[in-house]
Structure formats: C-alpha cells, structure tokens
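Hello,

Here is the structure we spoke of handing over. My notes on it follow below.

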Amino acid sequence: MSSATAERSEGSEATAAQRLRRLEALQRKVLWLSSWTIHNANHLRASRDGLKVGGHQASSASLATLMTALYFDVLRPEDRVAVKPHASPVFHAIQYLLGNQTRENLEAFRGFGGAQSYPSRTKDADDVDFSTGSVGLGVAMTSFASLVQDYVDLKGLLPEGRRTGRMVALVGDAELDEGNVYEALLEGWKHDVRNVWWVIDYNRQSLDSVVTDRLFGQIDKLFDSMGWRVVALKYGKKLQAAFAEPGGEALRRWIDDCPNSLYSALVFSGAAAWRRHLLADLGEEPGIRDLLERLDDEALEALMTNLAGHDLEAVLEAFGSIRDDRPTCFIAYTIKGFGLPFAGHKDNHAGLMNVEQMAEFRRRNRIGDGEEWAPFAGLDLPEEELRAFLDRVPFNAEGRRRYRAEPVPLPEAFPEPTGASMSTQEGFGKILAELAREDTPLAERLVTTSPDVTVSTNLGGWVNRRGIFDRHPREDVFRAEKVVSAQRWSMSPEGQHIELGIAENNLFTLLAALGLSHSLFGTRLLPIGTLYDPFVQRGLDALNYACYQDARFIVVGTPAGITLAPEGGAHQSVATPLIGMAQDGLASFEPAYVDELATILRWAFDYLQRDESHPGHDALPGTDWLRDAKGGSVYLRLSTLSLAQPQRRLGAAERARIITGGYWLKQPAEGAELAIVYSGAVAGQALAAWEQLAEELPGAGLLAVTSADRLNAEWSAALQARQQGHPRAESHVEQLLAPLARDAALVTVLDGHPTTLGWLGSVQGHRVQALGVEHFGQSGDVPDLHRHYRIDADAILDACAAGLLARRR
Ligand SMILES: Cc1ncc(C[n+]2csc(CCOP(=O)(O)OP(=O)(O)O)c2C)c(N)n1
Ligand SMILES: [Mg+2]
C-alpha cells in the first residue's frame with residue numbers, strides 16, 4: 001500500500017468512526033426528545049378534561065436507532081417513508097433536529113393544532129410522506145407507491161432531473177397480523193414492484209401481549225417466496241464479539257432458543273435475573289462463568305440486550321449492504337422500551353414514565369432544567385460539530401420534499417353518448433371509451449384500475465384502446481392465438497389500466513398512491529377506480545385512509561343497489577349512499593341520466609386537481625364545508641338499469657345545478673302541496689308516479705337529486721354561516737324547496753337507505769315520507785324487487801297519498 005492510500009484509508013476510517021459517534025449522540029437525543037415530548041404532554045400541560053393524553057414511549061424507543069440511521073444517514077430526498085404510527089414522536093423529534101419541526105408543535109403534541117399522535121400528511125407540518133394510524137395501511141401504501149413511481153417513470157412522465165427513490169415502511173411486528181399487508185404483498189409480487197423496503201421493528205410485542213415465537217419463521221419464508229430479500233438484523237456487535245469467545249456458541253444457542261416471553265421478562269428484570277438464568281442453564285459450559293464474572297451488571301445488561309436493531313453499526317452495515325432495487329425486508333430485532341425503565345415489560349405499550357423515572361432518565365441524559373428542548377444539551381460532542389453534521393444530512397439536502405404539479409387542462413365539454421335508453425354504467429363506459437380515442441392531456445394522465453371487475457364495470461372499451469400497464473411488455477395470448485374476444489389485453493409500460501386481483505383494500509390503497517402522485521412524484525395523474533358498489537364496504541378503511549391523506553381520485557361503485565336484482569342479497573348495496581355522504585374528502589353523486597353523468601365527470605376532473613390556490617366559491621362566508629375551494633375525491637354510484645334518457649341539451653345553469661346536487665326535473669307550482677324527490681336509478685319509477693299524480697295535482701314537483709351529499713353539505717354550511725353571523729347565507733337546497741307550500745308533503749325515494757334523502761324535510765320544515773331500502777336484498781327481477789322494497793311507482797303514490805293526508809290532519 002502506498003503511503004498516500006494508507007493515509008486516505010486511515011482518513012476514511014476516522015470519518016466512519018466520527019459518523020458513528022455523531023449518530024450515536026443524535027440517537028440519544030432522539031430518544032430523549034421523543035420521551036420528553038410525550039412526558040410533557042401528559043405531565044406538564046394542564047389537563048382540562050381529566051383524560052389521559054397518552055403517547056407511546058416504549059414503541060418509540062423501539063425504533064429510535066433504526067430511524068436515526070435512516071433519516072440522518074441512509075435516506076435520500078427522493079425516498080418516501082411510512083413511519084409506524086406509534087413512532088410518531090421519534091419522527092417529529094428527528095424533523096425538529098433537522099429544522100423542519102417547531103418546538104411549539106412538539107410542546108403541543110396530541111393537543112389542538114400540535115404535532116400529531118400519528119404521522120399525518122394533512123395535519124402535520126413536518127413533511128410526512130404517508131399518514132399512518134390504522135395499522136397495516138401505511139405498510140401496503142409503500143408497495144403501491146412504488147408501483148405508481150414505476151408507472152410515471154416508465155412512461156417518461158417524471159419531471160426533468162427527478163430521481164426515483166425507495167419506498168420505505170417502518171413496520172410494527174404486530175402490523176403483520178393485518179390481512180391487507182398480505183394482499184398488498186401478493187399484488188406487489190404480481191406487478192414485480194421494486195425499490196420497496198419494509199423494516200420490521202421486531203420487538204416481539206404488540207399492544208396486549210408478546211408475539212408468538214413460531215410466527216417469524218413463517219414470515220421469513222413468506223417474504224422469500226414473494227421474491228423479497230430478507231435481511232435479519234439479529235445480534236449487535238457486542239454479542240457478535242461474545243459469540244467468538246469461549247462459551248460463545250452456547251450463549252448464542254441459548255439466546256436463539258429463548259422464548260420471546262422469557263427474553264422480554266429478563267430484559268425488564270435486569271442483570272440479576274440474566275445471571276440467574278444463564279448460570280442455571282449454561283453454568284457448566286466452559287467460558288460462561290468467566291464471562292459472567294468479568295461483566296458488571298451494567299455491562300451484562302448491555303450485552304444481553306445488544307440486539308442489532310439497537311446497534312447503530314450493525315444497522316448501518318445492513319442498510320448499506322443493499323445496492324439494488326430488489327424489494328427487501330429487514331427483520332430488525334429490537335426491544336420495546338429500549339433504554340427506558342419499562343423495557344421489555346409486556347404491559348408497556350401505553351406505559352408512561354412516571355415523574356421519578358423521568359427525573360432519573362433526565363439525569364442520565366444530563367439535561368438541566370430548562371434545557372429539555374435544547375437540541376444539543378447533554379451530548380458529548382461539540383454543538384458546532386453536530387450542527388455541521390445535521391446541515392449535511394442528505395435526506396434534508398433539498399428542503400421540503402413535497403411537490404406540486406400543474407393541473408391538467410380539460411376539454412370544455414365531455415362526450416355525451418346518445419341513445420334513447422341507457423344505464424349510467426353503460427354511459428360511463430362509453431364516455432371513457434370516447435376519451436380514450438383522443439390524444440388529449442386528459443387522456444394521457446387518466447389511469448384506471450379495478451379489482452378484477454374491469455369488464456363488468458364497463459371499462460373494457462377504455463382498456464381496449466389504452467392497454468394494460470405492466471413493467472414488462474407481454475402479448476395478449478388469446479389474441480395471438482386468434483381466439484375471438486371483445487377484450488384486447490395487451491400489456492406494456494405504456495398501458496393505462498392497472499389490473500388488480502380481487503382485493504378492495506388494494507384498490508383503495510392504490511388509488512391513494514395514484515391520487516398522491518402529484519405530491520409524491522411531481523406528476524399529476526387522474527385516477528379512476530371501479531368496483532361493485534357493495535364491496536366499497538370491503539375496502540372502507542383503506543378508502544378512509546386514502547381520503548385522510550387527501551389523495552385525489554374518482555371511485556365508481558357499479559352496479560349498485562337492488563337494481564342489481566338477480567344477483568341477490570349479498571350483492572345489493574344499501575348503506576353506500578350514507579357512506580358517500582359521511583366520508584370526508586369524498587363528494588358523492590348518484591346521477592340518473594347520462595348527460596348528468598358526463599357533466600359530473602367533467603367537473604370531477606377539475607375538482608380532483610384543486611388546491612388551496614383555487615378561487616373556490618365564496619357564497620358561504622366563514623366556512624369551507626363544501627370543499628369547493630380545496631377540492632377532493634369523487635364517488636359515483638352507478639346502475640346497470642337502463643332508463644329512457646331525456647332528450648335535452650343542458651345549459652350552463654342546469655349543469656351547475658347538477659353539480660350542486662339537484663334540480664327540478666318538473667318545476668313545482670308556487671305553493672305546491674307535494675313534491676317527489678328521487679336519486680339515481682329509481683328515476684323511472686318517480687317519473688311514472690309523478691305523471692299519474694299530475695292529473696290530479698298539476699302543481700306537484702319532481703326533484704332530481706344528483707348528489708344528496710353536496711346538497712346536504714352546502715345546507716350545513718349555510719346553517720353554520722348563519723349561526724356565525726352571516727344572515728344572508730343561503731344554500732341551493734333551500735332555494736330549491738322554497739316554492740313549495742310551507743306544509744307541503746315530500747316523498748323521497750332512492751335505491752339505498754332512505755335516510756340519504758329523509759333529512760330534506762328539515763330544510764324548510766316539510767313532512768317527509770322517506771322510501772328506500774333498509775334490509776338485505778333478495779334475488780328477483782327489478783319489478784319484483786321495486787315492489788317488495790316499496791320503491792316502485794305504486795309505493796311512491798301510496799306515500800304521496802299518506803303525505804297529503806297527514807298534511808290535512
Ligand atoms: C387497524 C388497527 N387496529 C388496532 C389498532 C390499535 N393498536 C395500536 S398499536 C397496536 C399494536 C401494535 O403493535 P406493533 O405493531 O408490534 O407495534 P409496537 O408498539 O410493538 O412497536 C394496536 C393493536 C390500530 N392502531 N389500528
Ligand atoms: Mg411490536
């Protein structure tokens with residue numbers, strides 16, 4: 001070796017040692033800050049409601065080392081991370097040290113407007129990549145985010161100079177009990193996802209208890225069989241060294257065989273308990289007594305708890321060893337509560353250090369009074385050195401990592417399929433097939449996905465023209481073999497439909513990832529997902545998760561309701577209109593006619609792309625209840641029942657009313673005694689009833705509700721505005737119902753739960769007869785079922801009679 005090379009290698013070794021010391025110092029600080037943040041929230045903020053504030057010191061401690069290594073060394077700005085929900089305090093502490101989080105927010109942890117209990121894209125200020133909270137969902141999200149990254153990258157849609165990154169999940173070991181994780185794993189395998197890291201915080205504890213020993217052998221195999229690399233991070237450097245000494249092999253075997261529960265109990269109990277068990281079990285092994293005599297209590301504890309997940313050097317080595325894009329699962333052995341007084345105790349999940357324990361912890365960390373939030377207090381290294389190190393952290397090098405993307409321009413009008421009779425589902429298919437023909441910016445950014453119901457939800461025409469996305473080109477074998485089929489399913493990186501297996505959780509998680517592409521990757525996508533409406537409930541938590549993160553997508557539930565007659569009870573959705581109304585971040589529509597649908601779709605693509613900079617609508621001061629300014633996602637509940645289409649050309653004002661949620665299909669006379677109100681596919685029945693009634697009651701109205709959700713939201717907003725001193729605030733639905741007599745009867749009807757429209761009576765104080773479906777479905781044909789559930793024209797007329805009668809009483 002030349003002397004210059006020797007010097008250089010000595011130099012770089014010195015640097016590696018320095019790096020380790022700095023990271024060790026920061027790790028201590030991260031553990032202190034995360035523990036203190038929780039302590040402060042529970043003990044130093046005055047409680048006004050007697051509720052425990054909570055927070056998870058033990059779960060946080062478990063990940064302090066791994067997150068220190070990742071954020072301060074391994075991660076790059078293009079990487080995206082889902083942090084285990086209960087390690088939120090560690091995340092906030094790290095961002096605080098990096099200058100991205102304020103002390104005020106930490107002091108207000110779990111308080112109103114403060115740092116969030118669980119990392120939140122929408123509510124936290126410190127650059128959260130993926131929200132977490134409902135366990136398992138953040139994990140799956142990383143796999144789908146990677147699929148979306150490939151989708152935009154392989155199409156050349158990433159903005160100039162932007163690099164692809166790793167999608168990293170920091171996973172609590174008990175999260176692996178959630179089925180959605182395996183649904184995502186399998187789907188990821190089918191799509192050959194790359195660049196995913198799942199770092200499992202294997203502390204062998206969940207909320208209630210210690211995880212079964214036999215589990216992890218299986219999990220290891222499972223990842224392996226899905227094509228993942230599995231890296232076990234089991235023993236730290238101290239233990240590795242001890243294993244090389246006399247008696248080391250026996251010691252290793254003993255730890256390997258130690259049941260999870262016993263190991264956890266000994267971690268909690270400390271040195272005397274370790275000694276007792278080791279002597280009893282290994283006392284006769286050469287070298288063990290020596291070892292036990294040589295080590296004082298502190299050293300023995302440090303050795304026996306030296307799992308790799310708390311050994312920075314071992315962690316850095318493991319992360320550093322990965323240089324390709326193969327999905328990798330790190331099983332990192334850790335200790336729940338590591339470094340804290342309740343380490344290893346099975347009941348520590350929600351445990352908090354008491355005041356005495358915190359005083360001791362403070363002493364060990366050399367934190368003086370008033371220095372609790374000081375970033376460098378109590379550390380062995382000079383402040384300037386650490387500051388300089390933090391200034392050069394690669395992850396933070398480009399500042400905030402959230403992107404914006406310009407909205408995709410939309411055509412002025414949308415295709416409006418014509419035909420005397422059509423269902424909304426058929427109309428949807430035709431509109432998409434029509435959009436697929438043209439090379440517009442909209443068609444380029446549109447991406448569809450469906451869990452094995454692509455054809456039966458009418459996406460076939462779109463897919464035939466735009467193809468299926470696959471990282472690798474694959475031919476359509478049936479087509480190559482000249483088997484006649486209406487479906488052309490060629491697969492390539494250019495394809496614009498992502499075909500999923502039957503797993504609605506995956507559909508909504510993928511929509512979450514596609515719908516955040518503008519923010520995660522700087523490329524705007526306009527995603528549409530389709531599924532059978534009853535199975536919205538199957539994916540509901542993932543839908544909620546997608547909306548909570550403010551992902552932007554259109555979800556189409558079709559077919560819907562009992563109008564899916566022969567399919568029977570389990571396939572007939574009842575509650576979904578209420579879900580659509582109650583789900584925040586989701587504007588729901590149930591159009592009856594195809595021109596309404598085209599109007600709504602055109603608007604939806606615009607609504608999807610709005611953000612705070614949108615001028616919005618200022619009719620209702622003091623509230624953004626309707627989200628018109630900031631936008632959101634859209635849910636369309638569509639039907640396969642063909643309806644005679646009105647022959648009309650909608651004007652701008654009519655279109656605006658469709659978007660606001662309702663319009664008079666038949667205008668009532670001033671002072672009318674009765675109106676029929678309908679939503680969706682029962683339009684035909686409502687119209688038939690109205691026509692019969694019109695002979696006797698010529699002034700009766702027929703109100704089409706295209707969105708109970710938006711009508712209701714705007715009404716709520718108007719009420720709130722008036723409560724807050726804006727007397728002129730008024731909503732569309734109030735204006736709609738104003739012409740009716742004050743004591744008019746309303747008969748509402750839809751193929752779904754009657755409460756969806758029943759509230760309309762409160763708007764002007766009208767009496768309501770609310771028709772709809774309240775019980776599980778039946779198989780049958782549509783006339784049978786409409787009659788059975790009392791949503792046919794006859795039942796509507798009965799309700800009108802009852803309504804008029806009640807009025808006269
Ligand atoms: C879907 C869901 N169910 C239940 C909970 C409540 N819960 C929060 S943490 C937890 C156990 C987590 O254990 P693990 O993932 O091993 O994390 P650790 O705290 O051990 O690091 C449970 C059941 C939740 N957050 N989400
Ligand atoms: Mg655990």
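How many disulfides does the structure hold? It holds zero, where a disulfide is a pair of cysteine sulfur atoms within 2.5 Å.

Before the rest, some conventions. This is a predicted model, in which local features need pLDDT of at least 70 and side-chain atom pairs count only at pLDDT 80 or more, while totals for chains, interfaces and linings use all residues. Residues are numbered from 1 along each chain as its sequence is written, chains are lettered from A and ligands numbered from 1 in the order in which they are written, and side-chain values use heavy atoms, with hydrogens and water left out.

Buried means under 20% relative accessible area, exposed over 50%, and partly exposed in between, with a 1.4 Å probe and protein chains only. Helices (H or I, at least four residues) and strands (E, at least two) are DSSP runs, numbered from the N terminus.

Leaving out residues up to four places away in sequence, F553 touches L511, P527 and C547, among others; contact means heavy atoms within 4.5 Å. C547 is buried at a relative accessible area of 8%.

Helix packing. α5 and helix α6 (residues 179–190) pack at about 10°, with axes 8 Å apart. Axes are lines fitted to C-alpha atoms, for helices over the stretch in contact, and angles run from 0 to 180 degrees between N-to-C directions. The two helices are therefore roughly parallel, the word for angles under 35 degrees. Among the residues that meet are L137 and F144 in α5, and V181 and E187 in α6.

Loops. G661 sits between α26 (652–660) and β16 (662–666) and is buried, at 0% relative accessibility. Its contacts, apart from neighbours within four places in sequence, are A704, V705, T706, S707 and L711.

Backbone. The peptide bond from T558 to P559 is cis, with omega near -5°. R110, not a glycine, has a positive phi of about 65° and is partly exposed at 25%. R366, also not a glycine, has a positive phi near 55°.

Regards

How values were computed: Parallel < 35°, antiparallel > 145°, perpendicular 65-115°, else oblique.
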